[in-house]
Amino acid sequence: MKNFFRSKEKVDLLLYDSIFPNPLSGFRMAEFLALLSHYQHSKIIVNPTDYEVVGQPDSQHLLDLKALEKNSELVYHKTRLGSVADILHYDAKLFYCVFLNVIYDCLPYLEKNKTDFIFTLYPGGGFNTKDESSLQKLKKVLTSPFFKGVIVTQEFTRNFIIEKLDCPQNKIHYIFGGIIPQNSIDIKRERVYKKEDSLNICFCSAKYMAQGLDKGYDIFIDVAKMLLKNNYNVKFSVIGGFDQDEIPLGEYSKNFIFYGYKKYDELSEIFLEQDIIISPNRPFVLNDGSFDGFPLGAVVEAALNGVIPILTDELQQNSHFTDNEMIIIKPEAEAIFHSIEGLIKNEKIVHLMSNNIQSKSKKIYSHENQLNQRLKILDIYI
């Protein structure tokens, strides 16, 4: 691992990130591994400033690098420790990164270096539709003379940057979904729900605010208590940043398992034993203009393992899934409660929806679909 530069190095593709190769950020891990493996002359600069965001010490980055060396020596040797200023040490045909904050931090050095760039504008990462500072950052990025294109994964995002920021439509590439780890893409689900058994229901999210109001953790707990109060045979699992003290469970605590944060490749073992994942997230709660993608990454991983999503879509971002595959509801406990009641009473529907969502998710989130579309875009400039 080198953390210095002897001369300006020519590469086809240069990446920058603030958490790679942390396995907790599974989608970034998958995307950057794929891109660095595909393009022979490629490099990634990493300044691991976001480890504190996921509650890990900076020293964990060294352990993650050792794991990368063991699992992908090729990509390990393309990884450089550095800062955004180290962009100046490269003569790159194209630069790529994800999230608004990242590309904005890189922008002065890309412009000084006269390096063309493309980025993915995911929800989050500094993108706030009602914050003037965020919008000014995005406007500056989109009007840079070296801006060649933006990949968006939500129709809401595409429409917003066209209508509010006058982004040229020919520079916007809409690809629903995202590149995710492929460890569950061909997984076989053996669990079949029977009415005489418990219906297993889970919630999975990082914690960004008290009681997880943005992700609807409070709604999930309300639903759980309603089901248990009505003596339904249900069990609950919570994965991520919440524990039993976040919202008191009282007499119902024995019906919950709290797993804490899990690496992406550890989720499948849990999800294969779940029947439903509840994801009642709310837009514009964490911040006035913040919103999540649809579905959340955790929901995608659950779906690949045959778990039925019951989720919200307040911004109407769904363009691919039907009501035979997932249940879209308002962020209201009673509505979710009644949806689950219907599933408890019809094990055939549970089995059918489980098969349907797993099959559809495999098609949408396969590398053949997600990665290949991105490579076609990047290849234009490389």
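The entries below cover the cavities, then a pocket.

I am working from a predicted model. I searched the whole structure for cavities of 30 Å³ or more and got three.

I then listed the lining and found 16 residues. N281, D292, G293, T312 and Q317 are the ones that lie nearest the centre of this cavity. I sorted the lining of the largest cavity by class and noted seven nonpolar, five polar and four charged residues.

Which residues line the second largest cavity? I wrote down R189, R191, V192, Y193, D275, G306, I308, V350, H351 and S354. Helix α11, residues 347-364, gives the most to this lining, with three residues. By class I noted four nonpolar, three polar and three charged residues in the lining of the second largest cavity.

I turned to the open spaces and looked up the second largest pocket, where the volume is about 410 Å³. Elements giving two or more residues to its lining are α1 (26-38), α2 (60-71) and α8 (264-271). Which element has the largest share of that lining? I found α1, with five residues. The lining of the second largest pocket has 18 residues, and P23, M29, L33, N71 and D265 lie nearest the centre. I recorded the classes for this pocket as ten nonpolar, five polar and three charged.

Terms used. Residues are numbered from 1 along each chain as its sequence is written. This is a predicted model: local features need pLDDT of at least 70, side-chain atom pairs count only at pLDDT 80 or more; totals for chains, interfaces and linings use all residues. Side-chain values use heavy atoms; hydrogens and water are left out. On a 1 Å grid over the protein atoms alone, a cavity is a set of points where a 1.4 Å probe fits but cannot get out, and a pocket is an open set with protein on both sides within 12 Å along at least five of seven lines; lining residues have an atom within 4 Å of a point. Grid points are joined across faces, edges and corners, and a volume is the space filled by probe spheres set on the points. Ala, Val, Leu, Ile, Met, Phe, Trp, Tyr, Cys and Pro count as nonpolar, Asp, Glu, Lys and Arg as charged, and the others, Gly among them, as polar. Helices (H or I, at least four residues) and strands (E, at least two) are DSSP runs, numbered from the N terminus.
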